[in-house]
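Please look over the sequence and the structure shown here, and then read the notes that follow them, which go from single residues to the whole chain.

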Amino acid sequence: MENVFITGISSGIGLELAKLFLLKGYHVYGGSRRKPPDELLQYSNLYFSSIDLSEMNGIEEKLNNFL
């Protein structure tokens, strides 16, 4: 399986991209400030982390731990 990292998966373009890649069987590593909708959380190939990319302090460590 292929992997993809998508930010902002709780709404908008990020949410739609996550749906698309999940349906295609990708491992989706998704981050956003808010929890994504339950419809995404049902997928076993979704790996979610609550990450706020506007908070630059420690972002590198948070992403390294997640990915």
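Lys35 sits in the loop between S2 and helix H2 (38–41), where helices (H or I, at least four residues) and strands (E, at least two) are DSSP runs numbered from the N terminus. The model is a predicted one, in which local features need pLDDT of at least 70 and side-chain atom pairs count only at pLDDT 80 or more, while totals for chains, interfaces and linings use all residues. Residues are numbered from 1 along each chain as its sequence is written, and side-chain values use heavy atoms, with hydrogens and water left out.

- Leaving aside neighbours within four places in sequence, Lys35 is in contact (heavy atoms within 4.5 Å) with Ser10, Leu41 and Phe48.
- Lys35 and Ser49 are 14 residues apart along the chain, and their C-alpha atoms are separated by 8.5 Å.
- Ser10, which lies in the loop between S1 and helix H1 (12–23), is buried because its relative accessible area is 13%.
- Apart from neighbours within four places in sequence, Ser10 is in contact with Leu15, Ser32, Arg34, Lys35, Pro36 and Pro37.

- Gly31 is found in strand S2, and Gly31 is buried, with a relative accessible area of 4%.
- Not counting residues up to four places away in sequence, Gly31 touches Ile6, Thr7, Gly8, Ile9, Phe48 and Ser49.
- Between Gly31 and Glu60 there are 13 Å in space, C-alpha to C-alpha, and the two are 29 residues apart in sequence.
- Asn3 has its place in strand S1, and Asn3 is exposed, with a relative accessible area of 51%.
- Asn3 is in contact with Tyr26, His27 and Tyr29 when neighbours within four places in sequence are left aside, and the C-alpha atoms of Asn3 and Tyr29, 26 residues apart in sequence, are 7.4 Å apart in space.

**The largest pocket**

- The largest pocket has a volume of about 180 Å³; on a 1 Å grid over the protein atoms alone, a pocket is an open set of points where a 1.4 Å probe fits, with protein on both sides within 12 Å along at least five of seven lines.
- Grid points are joined across faces, edges and corners, and the volume is the space filled by probe spheres set on the points.
- Its lining residues, which have an atom within 4 Å of a point, include Ser10, Gly31, Arg33 and Asp52.
- Strand S1 (3–7) and strand S2 (27–32) each supply at least two residues of this lining.
- The lining of the largest pocket divides into 3 nonpolar, 6 polar and 3 charged residues, where Ala, Val, Leu, Ile, Met, Phe, Trp, Tyr, Cys and Pro count as nonpolar, Asp, Glu, Lys and Arg as charged, and the others, Gly among them, as polar.

**The whole chain**

- The protein chain has 3 helices and 3 strands, and from the N terminus on its elements run β-α-β-α-β-α.
- Along its principal axes, the C-alpha trace of the protein chain spans about 35 × 25 × 15 Å.
- Buried residues make up 33% of the 67 residues in the protein chain.
- Of the contacts in the protein chain with a separation of 6 or more, 32% are between residues 24 or more positions apart.

Note on methods
Buried < 20%, exposed > 50% of the residue type's maximum accessible area, 1.4 Å probe, protein only.
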